[in-house]
Amino acid sequence: SMSEKKEGDFWQAVGSYMKIVLIACPIFALTEFAEARFVFQWRKWLTRHCMQQYWSGRCFYNVARDDMIDHPDQRICEDVNHFTSRACSLLMKVAAKLVNVVSFVAVLWSISPSLVVFLVIYSLITTIVTTLIFGERLEKLELKSRITEAEFRCNMMRGREHSEEIAFYNGGGVELAICSKSFRNVMEIASQQINVGFMLQLFQYTVEYVTVIMPYVIVAERYFKGEMEFGVLS
């Protein structure tokens, strides 16, 4: 309508676009709102459940003497929030990917069944490689990071809670050495996370850009034989 200077068609298209915007925007906003409320309710329930378990039956006393469980206060306060938000985000991403797969698999199958088989195998291989090589290492580093962060914070808080005793015995230097060691551990884990994250990003970008060209490579033979139109290929 713009190239042919059809003003009526132009304003009709603008009106249709605004109708779509008025419908789509509330849907997108409500989706994010529902996700946030779900995480909120899940965290509230899970935190209360963990607190009830922690403060009942002298569990807090037993946990304090169990070396296998470190910093239960952080587990309840921070890890629950981290777990609920990450788990919900992962669930939403998986659901969105499944919808995309279901939506396009029929179209791709009509173009080339071998293309669908290749994409499924390719996705499985890249997912397995990402999970086994990078996911496991990042998971262990994340756990170590939370432990070292908690130790560093605990050592820093000790100075506030026992400031009088530390000042009386002139123990500032000792506390500085302890906190400095804890901070070095934090930075060491953070450096390892950056390095592994770089390798993961390198792998993901490689997979992403290879994925763009591989479907054309698979169906190119059919196109050059005249079995497929250029519009279908593009």
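In which helix is Val120 found? Val120 belongs to helix α4, which covers residues 113-161. Helices here are DSSP runs (H or I, at least four residues), as strands are runs of E of at least two, and both are numbered from the N terminus.

The structure is a predicted model, in which local features need pLDDT of at least 70 and side-chain atom pairs count only at pLDDT 80 or more, while totals for chains, interfaces and linings use all residues. Residues are numbered from 1 along each chain as its sequence is written, and side-chain values use heavy atoms, with hydrogens and water left out.

Val120 is also part of a nonpolar surface patch of about 480 Å², together with Leu124, Ile128, Leu132 and Ile133. A patch takes residues with over 30% relative accessible area and no salt bridge; like charges are joined within 9 Å, and nonpolar side chains (Val, Leu, Ile, Met, Phe, Trp, Tyr) within 5 Å. The areas come from the Shrake-Rupley method with a 1.4 Å probe, and for residues only the protein chains shown count as cover. With a relative accessibility of 45%, Val120 is partly exposed. On this scale buried means under 20% relative accessible area, exposed means over 50%, and partly exposed lies in between (1.4 Å probe, protein chains only).

Charged side chains come next. The model has 5 salt bridges, each defined as a side-chain nitrogen of Lys or Arg within 4 Å of a carboxyl oxygen of Asp or Glu. One of them joins Lys140 to Glu136, with 3.6 Å between the closest N and O atoms. These two residues are 4 residues apart in helix α4, so about one helical turn separates them. Glu136 is partly exposed at 40%.

Arg146 and Glu142 form another salt bridge, their closest N and O atoms being 3.3 Å apart. Both lie in helix α4, again 4 residues apart, or about one turn of the helix. Arg146 is buried, at 17% relative accessible area, whereas Glu142 is partly exposed at 27%. Asp79 is linked with Glu142 and Arg146 in a network of salt bridges.

Which helices are linked by the pair Arg158 and Glu175? The side chains of Arg158 and Glu175 meet in a salt bridge of 3.1 Å, N to O. Arg158 sits in helix α4 and Glu175 in helix α6, 17 residues apart, and the pair links distant parts of the chain. Arg158 is partly exposed at 23%, while Glu175 is buried at 17%.

The cysteines give a count of 0 disulfides, where a disulfide is a pair of cysteine sulfur atoms within 2.5 Å. Cys50 is partly exposed at 24%, and Cys179 is buried at 10%.

Two loop residues remain. Arg58 lies in the loop between α1 (7-54) and α2 (59-64). Its phi is near 60 degrees, a positive value in a residue other than glycine, and Arg58 is exposed at 53%. Asn170 is in the loop between α5 (163-168) and α6 (172-224). Asn170 has a positive phi of about 55 degrees, although it is not a glycine, and is exposed at 70%.
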